[in-house]
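Biologist: I am new to this protein model. Could you please show it and take me through its architecture?

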Amino acid sequence: MKTRPNFLVFSFIMLFLFSCEKETSNIEAPIDEIPLVTKLPQVAINTNGTEIVDEPKINAQMTIAVGDEIDYEGAIGIEIRGSSSQSFPKKQFGFETRDASNEDVNVSLLDFPEEEDWILYAPYSDKSLIRNILLYDLSRAIGRYASRAKFVDVTINGSYNGVYVLMEKLKRDDNRIALNKLKIEENSGEDLTGGYILKVDKHKSPYTDVNSILSAYAPNSSSSGQKIHFLYDTPDEDDITTEQSAYISDYLASFENALSGSDFANPSTGYAAYIDTQSFIEFFLLNELSNNVDGYRISTWLTKDKNKKLKMGPIWDFNLAFGNANYCAGGATNVWAYKFNERCPEDSHQIPFWWNRLLEDPAFVSQLQARWLALRGAEFSNAAILQRVDAYAETLTLSDGIQNNFEKWPILGQYVWPNKFVGNTYTEEVDYLKSWINDRLSWLDTEISGL
């Protein structure tokens, strides 16, 4: 798209910010102090000899110790989780906390709000170990909920299994995805308007009209007849009623029709009547900041609350972001993530046409540019982001997490799918990440100002 005259002031401001050897990188950003710890919380899981499998959850016992204090001790149900990550020897797990009768029970773990469903994410191909936690913390820092997460050491049946990240599972909850709980008997009027959670994602079984909503619009640039499906998450395919599925299907169709129409930029009758624009903008910026190769097309969540518009997010799954993928320009700092389809039109998972179209609206672009500029002076400044990276790396080093993890999994200096960069040491991995971030921010400053 061509640069418009009304953005000349914006461009002048950006040029000023980049003068004096890019002083943006030295901004003292208003972020919270990131505490350093000398010992990670210790998670010990005892399965009594039973193998953990990918469904169903098996019974086990878990203890979480923080220093000399016991944070949790009790029963859990645990299973292997993930998609492509299941091929890695270091498995990640989903688990639910249970009471003495083996019934699900809400508990607080590591000072997180009480819930029963949790994840032990196992960074493996991400040898910095920090890409997911970095994006989740950044998202919450700018006011968008993302899974709360903390580094932990995990031991299974007495054998150390590496550094993990204890995370909240994304689900409807007042302290997670805070939506109205849509009941099965709510099938008319305003009750029918929310809340819904949908996903654009892989699915273990074929997409059908029972488990998903089929978009009427083909993805841009796709070459193999790919289609976009919106999977039911909450209510899921087993619980959603006919009236509820019809409502949310019609709402999505109305949004897409408005977005594709000739009057799409009309603030009253166009796409803006159906979506929370700010959530779309911040979702876009988080994915573009990291050039998330899976962004917009996999692990993509959408919500529709009662009497509210459609929102993007929460964000999810950034282990291949920040230059950690060697396909479809996933490692590049100078490409748009939303243009994935142009680079890989044959991939089975494509990006909806939404983003190209939204960027044709001057009002959307103007809001996006303003939000980017505001964030670059605060949470997205070079200094603020690199401060987080350094704090995570220092915590993992001081706690011996790096040494212990890579003694258990000696993969430094080795290619692990789909690494773009292979460092011989942990320091090289972190230095690559920091250099990549600096280059990415510089490129985005120029490109966003010129949209």
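The conversation below treats the strands, a helix pair, a disulfide and the backbone.

Modeller: This is a predicted model, in which local features need pLDDT of at least 70 and side-chain atom pairs count only at pLDDT 80 or more, while totals for chains, interfaces and linings use all residues. Residues are numbered from 1 along each chain as its sequence is written, and side-chain values use heavy atoms, with hydrogens and water left out.

Biologist: In what order do the strands of the closed barrel run?

Modeller: Strands (E, at least two residues) and helices (H or I, at least four) are DSSP runs, numbered from the N terminus. Two strands pair if DSSP finds at least two bridges between them. The barrel has seven strands with mixed pairing, and their order is β1-β2-β3-β4-β5-β7-β6.

Biologist: Which residue in β4 is the bridge partner of Ala75?

Modeller: Strand β3 (residues 69-81) and strand β4 (residues 92-98) run antiparallel and are joined by seven bridges. In β4, the partner of Ala75 is Arg98.

Biologist: At what angle do the axes of α2 and α8 cross?

Modeller: Axes are lines fitted to C-alpha atoms, for helices over the stretch in contact, and angles run from 0 to 180 degrees between N-to-C directions. Helix α2 (residues 131-141) and helix α8 (residues 382-398) have axes that come within 11 Å, and the crossing angle is roughly 135 degrees.

Biologist: Which residues of α8 does α2 meet?

Modeller: Contact means heavy atoms within 4.5 Å. From α2, the residues taking part are Ile133, Leu134, Asp137, Leu138 and Ala141. Their counterparts in α8 are Ile385, Arg388, Val389 and Tyr392.

Biologist: Which cysteine is joined to Cys328 by a disulfide?

Modeller: A disulfide is a pair of cysteine sulfur atoms within 2.5 Å, and by this rule the count comes to one. Cys328 lies in the loop between β12 (310-312) and α5 (340-343), and its partner in the loop between α5 and α6 (354-358), so the pair ties together parts that are 16 residues apart in sequence. With an S to S distance of 1.8 Å, the partner is Cys344.

Biologist: Why is this disulfide left-handed?

Modeller: The handedness follows from the torsion about the S-S bond of Cys328 and Cys344. The disulfide is left-handed because that torsion is about -115 degrees.

Biologist: Where is Pro314, which has a cis peptide bond from Gly313?

Modeller: Most peptide bonds are trans. The bond from Gly313 to Pro314 is cis, with omega near 10 degrees. Pro314 is found in the loop between β12 and α5.
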